[in-house]
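Please look over the sequence and the structure shown below before reading on.

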Amino acid sequence: MDNNPSSEIVPFGGADALTTRESVVAARTELARRQLQLSTERERATAELERKRKELDADFARQRAELEALMAPLKEQLEKMAEVLWTVDLYLGRDETLQLVRDGAPAPADEPITVRQKVLVMAEESLIMMGKRNTGMDADDIPHFIEWLASDDANLNRVIPERKSVVVLIPTRVQSRSGNAWEDAARDAQNTRSYWLLRNGERLYLLTVDPQLKVGDRVLPRRREFVEVFDRGLFGFGRRSGEPVRPGSDEWFEIEKQADARRRHYMRIMLVLQGLIDRTPVWHPLPAAGVSFLSIADQDAGKIVLLQDDESSIQLGEGGETFLQWQTRLNKMLRPGLRVIGNWHTREFSELYYDGDRFTRGSHPRLHPGNAEYPPTNEPHLIEGRRDGGFVIRYERTDGVYKRNQPVPDKPGWVYTGETRVDAKQRASCVVQASDSWVLPFDLVTVPELERFLYSREERSKHFLSMVPTVRAALEAKRAEAALEADFRGLIGQLLVAEGADAEGISEVVDDLVHWWKLAHTWTQPLNGDGAHERKAAEQIVAEYRSRRAGAVDTLSDAMVDAGRAVDGVIAVARDRRGRWHAYAPSPGAHDEHVYLDVTRIYRDGTLGTPATWQVLATRTASALQVAWKAPGWDTWTFGAHPAWYLDEPSRARLIADIQVRVGERTICVTEFFNPADPGTRAMFAYSWVPEHLPSDHPARATDSPFGWRDASATIERQGWVITRSADGAPQLGARSGRKYTGAVPSDFGGFTTSEWGDVPWYPSGERYGEARPRLVWLNEELFHQVVAYRSRCEDLLTEEQAARRAREKAADRFIPGVMDLIRARQLSEIRRRFEEDFGSEADDLWEAHVASLRLSDPIHWRDIHILIAQALDRGETVDGRTLAQLLASSTFTTDLGEYGDIAVPEPTPR
């Protein structure tokens with residue numbers, strides 16, 4: 001058959017239009033038949049090729065599976081042999097290097113060999129101890145670390161204290177970020193490689209093993225894991241429990257086969273150490289009977305000591321505090337007159353800076369002026385006042401300022417017309433908040449505390465490591481200040497010895513009393529250079545020593561403690577400088593926790609006085625107390641809290657009563673917002689019922705959120721006030737311009753979900769939320785129950801309406817198929833008419849392909865028809881038999897029916 005379709009097309013010329021159209025229709029119909037035939041043949045050929053391809057794929061997969069099944073045993077054997085060879089090589093030390101980095105006398109033969117479980121990090125050890133640089137170190141600095149370690153026994157004892165021992169280190173945990181992925185990968189591999197320090201008396205060795213042996217976080221398994229791996233009785237080989245395993249023996253590899261990957265890892269570490277015993281003199285001399293890392297019996301005999309230092313949780317500071325908890329607690333005790341030391345180049349402080357725009361200059365909200373340089377880092381600064389809910393430190397500026405019309409040197413009467421840089425005459429200031437994580441309270445911390453945290457391997461959090469330079473700077477400043485005060489401290493020591501103090505350990509007593517004296521006085525300053533100042537300080541320190549000694553021998557101490565502990569909720573019993581005893585208990589019902597105390601006098605006969613309620617204990621007063629008994633809560637108390645920043649319950653009750661008078665008897669609840677980071681701003685919010693009828697009588701509306709901010713109704717109204725202080729310091733309801741606290745604002749009654757009340761405008765109590773949160777301080781329970789019931793009625797009504805709507809929608813759904821069938825039938829009828837005009841009446845074989853090629857869509861969306869029918873059903877009207885145009889005319893819905901408006905809705909299809 002001729003494949004050129006144009007060869008059989010009838011020429012058009014010389015005929016009338018009707019004849020020409022008939023000829024074109026016939027030719028087009030024939031061409032369409034040929035196209036359909038070729039398309040069918042192509043689909044058939046494609047399907048056949050796809051079938052053959054699948055058969056080939058299946059055959060290929062089958063043959064590959066057969067080959068892999070044949071290769072699997074060989075592959076498994078090869079992997080096992082490679083693993084066996086690697087394990088033996090570890091024992092033989094094939095890829096290890098052993099270097100003597102310090103020589104000296106070895107430890108005696110009976111000295112046990114200690115294996116430390118915890119893997120240390122050289123960067124952290126150097127950052128904490130060496131003081132080389134603030135950024136720590138990496139693999140390139142290992143020679144410097146080893147030199148520092150071997151140069152002094154004190155350094156060596158900090159890292160590997162046991163006389164015969166092994167400890168494993170890696171250079172750093174910090175990943176390289178050079179920007180070159182290949183270089184970073186290589187550096188990270190070097191920085192995570194393990195380096196084994198081996199000590200034998202004064203001798204120190206550095207061992208590196210095959211890099212494929214990744215040590216991880218622990219060198220040793222836990223005791224239970226170790227016994228399960230190496231105890232012979234566990235595997236039933238018929239030998240005594242604790243008998244060592246011979247490396248490379250059948251038993252060894254049988255154990256490896258049964259152990260999981262983690263246990264095999266620990267076994268190989270022990271194998272490396274056993275290899276050192278068997279083929280090197282690292283730990284010679286050894287006991288006459290030898291020693292084995294693989295023997296439980298040698299561990300039980302004390303020859304091998306496995307120190308599980310990574311499993312214990314050692315915490316420093318009072319009350320088991322972490323560094324951050326200790327820092328946070330002390331920062332809450334800051335006040336004017338104390339000094340702080342900090343790192344103002346941390347990311348947290350720098351991110352507060354506002355870059356400015358085309359209209360305003362950049363500035364830092366904590367600084368004044370806002371573009372001043374940052375305060376000098378890591379040196380003490382005196383808190384000189386309060387501002388913006390924080391504390392103000394001031395410092396000399398070195399960056400200078402720019403001024404206009406400045407005189408020209410050596411040219412009298414001449415001035416620079418533009419801006420000229422001149423030295424700043426006024427100091428800059430910076431606001432410090434108690435919540436600042438980059439600040440330490442210099443006068444509240446002690447040298448022993450700083451040293452304990454600095455040398456604790458349990459305190460290696462990211463936050464602590466960022467504070468290490470500041471901790472070291474505080475230590476150096478403390479020691480430097482003590483050196484300046486050496487003459488004064490020596491004099492105090494002599495005076496105390498004359499008072500009867502023990503000369504041995506007198507320096508610690510002096511340190512404690514000097515620390516007390518600096519805290520007990522408003523303005524902290526070193527005790528040197530001012531004779532009158534030092535004479536007054538000496539008199540007060542000696543008087544404090546006498547008071548403490550009198551308290552220490554007070555025969556009534558036990559009786560006072562027993563009497564004080566009878567007070568409800570007591571957290572401390574203490575003696576003040578005047579010899580008076582008091583019991584301290586948290587004020588009951590306080591919303592501001594760890595601030596207010598009820599102080600009860602304890603008389604000499606053991607009777608209790610009337611409590612002084614809602615007291616804020618000053619830092620100076622607290623530091624002068626001789627605490628005879630305390631509960632854990634005492635050490636977390638906020639001493640020195642600013643009274644203007646907090647509210648006691650009597651003051652809060654007065655404010656709530658004032659709010660009720662202003663809002664009226666329809667007050668539902670009162671909430672209070674307080675942010676400890678900005679304690680100068682405290683606000684109260686009142687929620688009140690607005691409609692004439694109470695919630696129990698108010699008509700419900702179908703909604704699931706009748707009080708939300710999206711609802712335009714005025715069912716519940718919120719009013720707010722900032723808490724200010726009157727001239728006499730009493731708290732009062734005030735207003736602050738520019739804040740949305742005052743006046744009526746849209747209610748936001750939900751937002752916080754509770755199991756008891758549902759959505760409420762306060763954070764539920766007992767949940768772990770942030771400090772800055774709205775809290776409930778007063779509730780009209782009866783009215784609130786009505787509000788909750790009203791909300792439930794609204795929700796129930798909404799549920800009922802939704803159920804009814806879904807029922808109506810289902811009823812409307814039954815009409816949709818019939819209507820859509822009529823619309824599609826009319827649509828296809830028109831298409832069929834035009835098809836016969838274009839292809840003739842004898843082209844039925846082309847009809848289905850033609851319809852498919854049109855990619856038809858519904859001329860009217862079924863949802864529009866659904867809306868028209870559903871609305872008619874909602875009005876109780878009959879639907880079947882009515883035209884779409886009639887339904888549209890009586891509907892509130894708008895749509896374009898086109899030429900289908902005269903279609904009548906048929907009877908619904910059966911369910």
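A residue counts as buried when its relative accessible area is under 20%. In this predicted model, 42% of the 911 residues of the protein chain count as buried. The secondary structure of the chain comes to 25 helices and 30 strands, and among contacts between residues at least 6 apart in sequence, 66% join residues at least 24 apart.

**Two packed helices**

- Helix α15, which covers residues 486–498, packs with helix α16, residues 506–520, at an angle of about 110°, and their axes are 10 Å apart.
- Angles of 65 to 115 degrees count as roughly perpendicular, and α15 and α16 are therefore roughly perpendicular to each other.
- On the α15 side the contact is made by Arg-489, Ile-492, Gly-493, Leu-496 and Val-497, which meet Ile-506, Val-509, Val-510, Asp-511, Leu-513 and Val-514 in α16.
- Sorted by class, this contact of α15 with α16 has eight nonpolar residues, one polar residue and two charged residues.

**Aromatic rings and charges**

- Across the whole structure, a search finds 15 aromatic pairs, and ring pairs link Phe-323, Trp-326 and Phe-453 into a cluster.
- The charged end of Lys-478 sits over the ring of Phe-442, at 4.7 Å from the ring centre.
- The charged end of Arg-832 sits over the ring of Trp-847, at 5.0 Å from the ring centre.

**Cis peptide bonds**

- His-284 and Pro-285 are joined by a cis peptide bond with an omega of about 0°, and Pro-285 lies in the loop between α9 (261–279) and α10 (296–300).
- The peptide bond from His-368 to Pro-369 is also cis, with omega near -5°, and Pro-369 has its place in the loop between β9 (367–368) and β10 (381–387).

**Positive phi angles**

- His-594 is not a glycine, although it has a positive phi of about 60°; it is placed in the loop between β19 (581–586) and β20 (597–602), and at 32% relative accessibility it counts as partly exposed.
- Arg-855, which is not a glycine either, has a positive phi of about 50°; it lies in the loop between α23 (847–854) and α24 (862–874), and with a relative accessible area of 77% it is exposed.

**A buried serine**

- Ser-891 is found in the segment after α25 (884–889), and with a relative accessible area of 14% it is buried.
- Leaving aside neighbours within four places in sequence, Ser-891 is in contact with Leu-868, Gln-871 and Arg-875.

Notes. Residues numbered from 1 in each chain as written. Predicted model: local features only at pLDDT ≥ 70, side-chain atom pairs only at ≥ 80, totals over all residues. Heavy atoms only, no water. Axes fitted to C-alpha atoms, helices over the stretch in contact; angles between N-to-C directions. Helix = DSSP H or I, 4+ residues; strand = E, 2+ residues; numbered from the N terminus. Parallel < 35°, antiparallel > 145°, perpendicular 65-115°, else oblique. Contact = heavy atoms within 4.5 Å. Nonpolar A, V, L, I, M, F, W, Y, C, P; charged D, E, K, R; others polar. Phe/Tyr/Trp six-rings, centres within 6.5 Å; stacked < 30°, edge-to-face > 60°. Lys NZ or Arg CZ within 6 Å of the ring centre and 35° of its normal. Buried < 20%, exposed > 50% of the residue type's maximum accessible area, 1.4 Å probe, protein only.
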